[in-house]
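Here is my note on the model, point by point. Please read it beside the coordinates.

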Protein chains: 2
Amino acid sequence: MFKTKICEILNIQYPIILGGMLWIGKSDLVAAVSEAGGLGLMGAGGMTIEEIESECAHVTEKTKKPFGVNIPLVRPDSDEMINAAIKKGASVIATSSGSPKKFTQMIQDQGCRVIHVVANVTFAKKSEDAGVDAVAAEGFEAGGHNGHDEITTMALIPQVASAVDIPVIAAGGIADGRGLVAALALGAKGVQMGTRFLATHEAAAHQNYKDAIVKMTDVGTSITGRTTIGPTRAINNQLTEMIINAEKEGAKPEELFEMIGEGRSAMACIEGNCEEGSLYCGQIGGAVKEIKSARQIVDDMISEAKTIVESLNPLISH
Amino acid sequence: MFKTKICEILNIQYPIILGGMLWIGKSDLVAAVSEAGGLGLMGAGGMTIEEIESECAHVTEKTKKPFGVNIPLVRPDSDEMINAAIKKGASVIATSSGSPKKFTQMIQDQGCRVIHVVANVTFAKKSEDAGVDAVAAEGFEAGGHNGHDEITTMALIPQVASAVDIPVIAAGGIADGRGLVAALALGAKGVQMGTRFLATHEAAAHQNYKDAIVKMTDVGTSITGRTTIGPTRAINNQLTEMIINAEKEGAKPEELFEMIGEGRSAMACIEGNCEEGSLYCGQIGGAVKEIKSARQIVDDMISEAKTIVESLNPLISH
């Protein structure tokens, strides 16, 4: 069920992809999503080459199904990261924060697929021209690093889907079967989710962070760094308040970097400090009401999506 | 086809509603949307009581079908506006920018329906408690005045739909059959569109304004006034650039008001000045590729939506 073009290309059962999450998307979660029939994507941004190798090896111990690795191209050793991931069994490389031209051919030459993350139509077209297999189009509602264009998933997906011939994966604002069917209706061939998979037993995040998502409401996140150090969306806490206030008072980027310092993500993910740490999270976190296993999420989504499609059918009978 | 709960409540054929637009949503457009089977909502914000009466009278000359009027509750004469609209044949009052408690009972006592515009879950619940017949939940991608919470349609609709029992109308980011099916999948019972209906033959906007929508791309709008005089989304031009630059330099609200002055909407709508006027428009304007009649838009949407639902069906067969 719900076998789309993206399932064929990535050799997966359901068009549900785990978004690459720094610190959080490690082998347990990646393997669990893939084993459930989706595609696990490892968040390799903060990993050394050795860690990528060992984490990928862990995945292949847990599942024989395809998985991928997310590589932020701002890392100067991106090529080594990609090679390490492929050597250790990854069959999909999701690239972000850089030019899709750089490594697409090299990855495909090794028999792997490339997904490039985009936030507007122009970059989607550039990615298609660069030969990537699919684009993940990410809306303003998504957690973590965010585009400057602020185009939302609802506005972005139909415009990207009309502009390119390669499959589009919708990212941002999706956490259940309702989001899956909506994304398919808008022209996407699959969905990518971060926040929903963060609130799982398998995510490598501190329990406090997962609990914070379950507790949050629709107005629970904010963008910081919009006018200065680059927009990111996170759960409202002392840290986001401090940054927003500093920005209002006209703080310069270097002052903000000084104030924030290093390790705010680790503070949230590893130490569970939900006030001083950075809790990247999307707006759809308000719809996440319980921590589940990755398999339960995938199974529930497919079952909900089936019910929704069935409920749409009577609407088209005369 | 596509007869939902909202169609029953509003006594309309299709769950497609014209969003109330200042200057633009006058009798021609209102009548055309209603006559096409949707619900025309007049944008009465800038009208005198006499104008509301004469415009409503014009609508009833052109169609016998139900129509409504949008009343921004910030107007001190809201009650008179409502009474004038109802006296002249409106059967739906859409209230915004104020408490839904204020006039709901009074409107319903006259046999009319009330839709209240909300931008978060809390206000949706308050509106339900106030007894309104439906809420229009409007996302961050919408044109014109925008909520401070910045919740997008994709994230907002499922959260509002889970929180209230009354029907939810999705607004923001919708311009075609893809958006209609997506909204229904997310839990809405209908859609409300401004931008798409602005680019119609019947809209009371200058041709230059309509052409600007057809020409714009996905990155063609910005929010101004976010930190100062209240967020509004409009097409990027000299005016938005001037405001954004002034805000970056720390302009105070009174300085911005002074700089912007009066009549920027009229400058765009009536004079067709697309650089100095305020061209309210949603992000989905990038998907609007031609000016159509309101009837063509409704017919095309229903036909596209039917095709989409049919295309989803094979996905749920084993």
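1. Domain bounds here come from an automatic or database domain assignment. For chain A, that assignment gives domain 1 (5–204 + 291–316) and domain 2 (217–280). Their C-alpha centres lie 25 Å apart.

2. This is a predicted model, in which local features need pLDDT of at least 70, side-chain atom pairs count only at pLDDT 80 or more, and totals for chains, interfaces and linings use all residues. Residues are numbered from 1 along each chain as its sequence is written, with chains lettered from A and ligands numbered from 1 in the order in which they are written.

3. The contact between the two domains of chain A takes nine residues from domain 1 and ten residues from domain 2 (in contact: C-beta atoms, placed from the backbone, within 7 Å). On the domain 1 side, four are nonpolar, five polar and no residue is charged (nonpolar: Ala, Val, Leu, Ile, Met, Phe, Trp, Tyr, Cys and Pro; charged: Asp, Glu, Lys and Arg; polar: the others, Gly among them).

4. Between the chains, 46 residues of chain B meet 46 residues of chain A. In chain B, helix H7 (153–163), helix H8 (177–186) and helix H14 (294–312) each supply at least two residues of that side (helices: DSSP runs of H or I, at least four residues, numbered from the N terminus). The chain B side has 22 nonpolar, 17 polar and seven charged residues.

5. The same surface serves both: 100% of the contact residues of chain B recur in chain A.
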